[in-house]
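Please read them with the structure open.

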Amino acid sequence: MAAVGERLDLRIDDLSHDGRGIGRIDGQVVFVAGGLPGDQLRVRLSRQARGHWHGELLAVADPSPQRRRPPCILSDHCGGCSLQAFDDGAEAAWKQAAVAAALQRIAGLDPGLMRPFALSVPALGTRNRALIPLERTEEGVLRAGYYRRGTHRIVNMNQCPVLDPRIDRLIQPIKDDLEASGWPVDRHGHSGGLRHLGLRVGHHSGEVLITLIASQRELPGIEELAQEWYRRWDEVVGVGLNLQPEPTNQLMGASTDTLAGRGWLNESFAGLQVRIAADTFFQVHTLQAERVVPWLIEAFGPAEGRLVDAYCGIGTYSLPLAAAGWRVQGVEQHPGAVELARHNAAANGLADRAGFECHDVAQVLAERLSDATALFVDPPRKGLDAATVAAILAGRPQRLAYLSCDPATLARDLGRLCSEGAYDLRWVQALDLFPNTSHVETLAVLSCAAGP
Ligand SMILES: C[S@@+](CC[C@H](N)C(=O)[O-])C[C@H]1O[C@@H](n2cnc3c(N)ncnc32)[C@H](O)[C@@H]1O
């Protein structure tokens with residue numbers, strides 16, 4: 001019988017959904033962060049929980065042929081990327097297989113409907129946004145970085161190779177200035193102070209926004225420092241302070257004050273001009289997100305009638321679809337995103353084809369679908385709630401496309417939509433928006449078998 005603290009050799013033969021290696025002892029699964037399929041590991045059993053084990057990686061005795069030297073020097077500790085040591089082809093194959101398995105296992109759908117995986121090339125330097133936790137040591141040293149795997153302890157970093165180099169290079173000098181400021185750091189929102197550093201860059205425009213996220217406004221000298229950063233770096237178009245006083249894992253609060261420059265960056269997306277704010281959603285990998293546009297145009301077919309874009313953000317996909325001829329109604333609950341979506345429509349001469357409203361999708365979708373031909377949904381990770389699925393099944397728009405960042409909730413929702421023949425799954429496209437991590441994005445395209 002295995003026991004906590006025991007050291008043993010373990011062969012890894014799979015990966016969990018969150019990118020931990022999976023091996024087996026005595027018929028029970030052992031999860032090992034840092035393990036890759038094909039590895040032979042030396043492991044210490046650290047914890048047992050409900051029929052499975054957690055193991056700590058001590059050494060890679062015999063590496064998987066798919067293991068490579070990770071591009072990041074912190075990869076053994078930092079929890080930001082779990083698959084840095086997996087070569088790009090193996091990562092892509094695993095992601096494709098993970099989506100196929102979810103479709104089949106959770107929804108009983110045919111994985112043969114999947115198109116070849118859309119890899120991110122390159123796989124480094126692509127992430128256009130970072131929200132980096134901060135802490136100050138007892139000696140006053142300011143540390144910034146993502147959490148050590150499975151903990152809330154920061155792995156201090158000065159650079160991160162997955163980030164766009166135009167924001168990566170700002171981390172070290174900003175840390176130095178924050179250290180010199182003497183401001184307290186209050187990452188969990190209990191005592192008042194800085195919590196996170198936010199950086200966002202427009203991939204095509206190169207414009208950068210810096211945002212400090214804090215649990216209180218009283219940070220003496222913050223306006224002066226913001227002005228200094230704005231003057232020091234040409235590409236920085238705005239510096240803001242976002243207030244998040246709540247002790248929650250929602251990283252940004254509802255209000256952001258602009259301290260220098262402006263509160264948005266200009267970017268081009270699929271050939272259209274858009275404004276993006278520090279606190280509005282925007283896909284973190286611009287080039288990969290742009291690849292979705294022609295797939296959506298194909299999915300929806302001839303632009304005849306009305307298309308509802310539920311969870312539309314700043315109009316990222318509503319606008320290219322309006323430009324392709326659709327009359328689009330966007331629904332989004334973030335007021336700032338709706339304001340930007342309206343601005344973005346007008347700026348591209350699309351205001352007469354694309355309207356936006358600030359609502360909870362679940363509350364208004366049934367009504368909005370009354371005469372809609374097509375529906376695009378791009379919900380948060382938790383997927384569609386029961387009311388939203390019920391509204392789709394009642395309204396039955398002929399064409400439906402679902403973009404998801406979680407294969408499990410996607411498969412659950414597709415299972416409901418396809419049950420009893422309401423919708424047919426036509427094709428599925430998985431793509432890499434988050435290279436070097438276990439996250440995978442998936443577009444599923446459906447059509448309605450018959451009216452309600
Ligand atoms: C995954 S993002 C997609 C945004 C947009 N499609 C894009 O690609 O930029 C999900 C969006 O849904 C919004 N949202 C989350 N829950 C919502 C709800 N219940 N009703 C309306 N919008 C919601 C979020 O504010 C966010 O902008």
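1. Start at Ala-310, which stands opposite Val-331 in S16. This is a predicted model, so please treat every value below as computed from it. The two strands concerned, S15 and S16, pair in the parallel sense over 5 bridges. From S15 the chain crosses through helix H5 (residues 318–323) to S16. This β-α-β crossover is right-handed.

2. S15 covers residues 306–310. Is it enclosed or open to the outside? Of its 5 residues, 4 are buried, so the strand is largely enclosed by the rest of the structure. S15 also runs parallel to strand S18 (residues 374–377), and 4 bridges join them. In that pairing, Leu-307 stands opposite Ala-374.

3. Next, the other pairing of S16. S16 and strand S17 (residues 354–358) are parallel, with 5 bridges. Gly-330 has Phe-356 as its bridge partner in S17. Together with helix H6 (residues 335–347), S16 and S17 make a right-handed β-α-β unit.

4. Now the ligand. Which residues of its shell come nearest? They are Phe-281, Tyr-311, Gly-313, Thr-316 and Gln-333, out of 18 residues around the ligand. Two elements give two or more residues to this shell: strand S16 (327–332) and helix H7 (361–368). By class, the shell has 10 nonpolar, 5 polar and 3 charged residues.

5. Tyr-311 deserves a separate look. Tyr-311 is one of the residues that come nearest to the ligand, and its place is the loop between S15 and H5. Its phi is near 65 degrees, a positive value in a residue other than glycine. Tyr-311 has 21 C-beta neighbours inside 10 Å and therefore counts as buried.

6. Arg-396 is another non-glycine residue with a positive phi, here about 40 degrees. Arg-396 is found in the loop between helix H8 (386–395) and strand S19 (399–404). Is its setting buried or partly exposed? Arg-396 has 18 C-beta neighbours inside 10 Å, so it counts as partly exposed.

7. Pro-122 is in the loop between helix H1 (88–107) and strand S7 (129–136).

8. On the core: the largest nonpolar core has 134 residues. Those with the most contacts inside it include Val-32, Val-208, Leu-296, Ala-310 and Ala-401. Leu-296 touches Tyr-317, Leu-321, Phe-376 and Ala-401, leaving out residues up to four places away in sequence. In soluble globular proteins, nonpolar side chains tend to be buried together.

9. Ile-210 lies in strand S10 (residues 208–214). With 24 other C-beta atoms within 10 Å, Ile-210 is buried. Beyond its neighbours within four places in sequence, Ile-210 is in contact with Ile-174, Leu-199, Trp-229, Val-236 and Val-239. Ile-210 and Ala-130 are 80 residues apart along the chain, and their C-alpha atoms are separated by 9.9 Å.

10. What is the strand order in the open sheet of 6 strands? The order is S1-S5-S6-S4-S3-S2, and the pairing is mixed. Strand S1 (7–11) and strand S2 (14–15) stand at the edges. Each has a single partner strand, so one side of each is left without a neighbour in the sheet.

11. Within that sheet, strand S5 (residues 40–49) and strand S6 (residues 52–62) pair in the antiparallel sense over 9 bridges. Gln-40 has Asp-62 as its bridge partner in S6.

12. Arg-44 also belongs to strand S5. Its 15 other C-beta atoms within 10 Å are why Arg-44 is partly exposed. Setting aside residues up to four places away in sequence, Arg-44 touches Gly-5, Arg-7, Gly-55, Glu-56 and Leu-58. Ala-3 lies 41 residues from Arg-44 along the chain, and the C-alpha atoms of the two are separated by 9.7 Å.

Key: Residues are numbered from 1 along each chain as its sequence is written. This is a predicted model: local features need pLDDT of at least 70, side-chain atom pairs count only at pLDDT 80 or more; totals for chains, interfaces and linings use all residues. A nonpolar core is a set of buried Ala, Val, Leu, Ile, Met, Phe, Trp, Tyr and Cys residues joined through C-beta atoms within 7 Å. A residue is buried if 20 or more other C-beta atoms lie within 10 Å of its own, exposed if 12 or fewer, and partly exposed in between; C-beta atoms are placed from the backbone. Two residues are in contact if their C-beta atoms, placed from the backbone, lie within 7 Å. A residue is near a molecule or strand if its C-beta atom, placed from the backbone, lies within 6 Å of it. Ala, Val, Leu, Ile, Met, Phe, Trp, Tyr, Cys and Pro count as nonpolar, Asp, Glu, Lys and Arg as charged, and the others, Gly among them, as polar. Two strands pair if DSSP finds at least two bridges between them. A crossover is right-handed if, with the strands pointing away from the viewer, the path from the first strand over the helix to the second runs clockwise.
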